[in-house]
Amino acid sequence: MKLNIAVLAGDGIGPEIVAQALRVTETVAKKFGHELQTKEALVGAAAIDATGNPYPDETHELCMQSDAVLFGAIGHPRFDNDPSAKVRPEQGLLAMRKKLGLYANIRPLIIFPSLLEKSPLKTDRVEGADFVTIRELTGGLYFGQPQGRSENGDTAYDTCIYTRMEVERILKLAFEFAMKRKKRLTVVDKANVLATSRLWRQISKEMEPQYPEVVVDYMFVDNAAMQIIQWPKRFDVMVTENLFGDILTDEASVIAGSLGMLPSASIGIHTSVFEPIHGSYPQAAGKNIANPCATILSAAMMFEYAYKLDKEAALIRKAVEASLEAGAVTEDLTDDKSKALSTSAVGDWIVEYILKA
Ligand SMILES: NC(=O)c1ccc[n+]([C@@H]2O[C@H](COP(=O)([O-])OP(=O)(O)OC[C@H]3O[C@@H](n4cnc5c(N)ncnc54)[C@H](O)[C@@H]3O)[C@@H](O)[C@H]2O)c1
């Protein structure tokens, strides 16, 4: 099969982690006889520096022409620490999501047995936890207008808006996911306070009869934040709006041992994007110490979702699992830093495993 992939490494650790995910992708493609074509483009702070635009038109064109996008991360302290900056790297990420119509971000929580003791939660709570969060990605507070400051700068406002169409399409995806899994769906909202949440709840209840096999429960986001830590095994598929999903999935990453382990797929109307859930981790940029596994596992999701190449995806996951079992891990996953491997050495290990498999 021809695999035509756009590579958007972005900022901070982005280039380092994407380099390893690309090596893994190349190795798997070669092993299974696929013809891989990759093209790189700018996004985030790197794109602002080069063009003034965090998501340049050429980058968008490349994404539109590709079958899939492998994405690193964006963000730079230069912008984080300057609230007055008019153009920000995050605008590039949001523009990409909006222009590609990426309305759903699928975030599986994968617990690798060899990382069980890395979790701050007791093993019996975490062992066997296996759920997917479906985060709405192009609506809510991150996109609602108006957004801004009053003239004197002393008042700021964001607007949370959801339309029936936006809610229906993400809930449909979530119900379908639940049907393919254990048929349990948790709709997370704040319907006791927010009008948008009440719309979500109303639409979900209207849709329930279409999926009679799915057991649906409704949970306020504050309760969900607690339940994820207390009883992570109770969840199967969780669906929620943009902001809640952003926060809850970072929280859930702790269960898995490190934010550097969690992949995601952003899907929607045009080309899908495969990206780790973490950010550009600027403190580690250029040091070759960041965990590349979330990005490598995102490449596995790319094989699965963009190409339906399940065996290729499974081999990548097996290789990551084997690296963890062998203790071939970066410093976030070891208490003894002297035993930690570099980002590229973890990539070497995983590539080597795939070649021998
Ligand atoms: N999708 C994205 O591109 C995205 C997402 C979140 C944050 N950001 C941006 O990233 C920048 C940094 O934000 P932040 O510090 O809040 O979040 P972050 O995810 O970059 O880092 C938070 C912490 O998680 C850990 N971590 C993250 N990735 C890791 C990895 N690969 N290996 C090991 N440990 C890892 C580190 O301890 C780090 O201090 C900001 O500019 C922010 O806007 C971008």
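Student: How much space lies in the largest cavity?

Tutor: This is a predicted model, in which local features need pLDDT of at least 70 and side-chain atom pairs count only at pLDDT 80 or more, while totals for chains, interfaces and linings use all residues. Residues are numbered from 1 along each chain as its sequence is written, and side-chain values use heavy atoms, with hydrogens and water left out. A cavity is a set of points, on a 1 Å grid over the protein atoms alone, where a 1.4 Å probe fits but cannot get out, and its volume is the space filled by probe spheres set on the points, which are joined across faces, edges and corners. The structure holds 1 cavity of 30 Å³ or more, and the space in the largest cavity is about 40 Å³.

Student: Which element gives the largest share of the lining of that largest cavity?

Tutor: Lining residues have an atom within 4 Å of a grid point, and here they are Arg107, Pro108, Leu109, Phe131, Thr133, Thr249, Ala252 and Leu262. Two or more of them come from each of strand E4 (104-109), strand E5 (131-136) and helix H10 (242-255), where helices (H or I, at least four residues) and strands (E, at least two) are DSSP runs numbered from the N terminus. The largest share, 3 residues, comes from E4.

Student: Where does the ligand sit?

Tutor: A pocket, unlike a cavity, is an open set of points with protein on both sides within 12 Å along at least five of seven lines. A molecule sits in one if more than half of its atoms lie within 2 Å of its grid points. By that rule, the ligand's place is the largest pocket.

Student: Which element gives the most to the lining of the largest pocket?

Tutor: This pocket has a volume of about 1100 Å³, and of its 45 lining residues the closest to the centre are Ile74, Glu90, Leu93, Asp246 and Gly279. Elements that give two or more residues to the lining include strand E3 (68-73), strand E12 (272-276) and H10. The element that gives the most, with 5 residues, is H5.

Student: How many charged residues are in the shell around the ligand?

Tutor: The ligand is surrounded by 18 residues, the closest being Ile74, Asp80, Glu90, Gly279 and Tyr281, and a residue counts as near if one of its heavy atoms lies within 4 Å. Asp, Glu, Lys and Arg count as charged, Ala, Val, Leu, Ile, Met, Phe, Trp, Tyr, Cys and Pro as nonpolar, and the others, Gly among them, as polar. The shell has 8 nonpolar and 7 polar residues, and its charged residues number 3.

Student: What is the distance from a backbone N or O atom of tyrosine 281 to an oxygen atom of the ligand?

Tutor: A polar contact is a pair of N or O atoms within 3.5 Å. A polar backbone atom of serine 280 lies 3.0 Å from a ligand oxygen, and one of asparagine 291 lies 2.9 Å from a ligand nitrogen. For tyrosine 281, the distance to a ligand oxygen is 2.7 Å.

Note on methods. A polar contact is a pair of N or O atoms within 3.5 Å; within protein, one must be able to donate a hydrogen and the other to accept it, and residues adjacent in sequence count only if both atoms are side-chain atoms.
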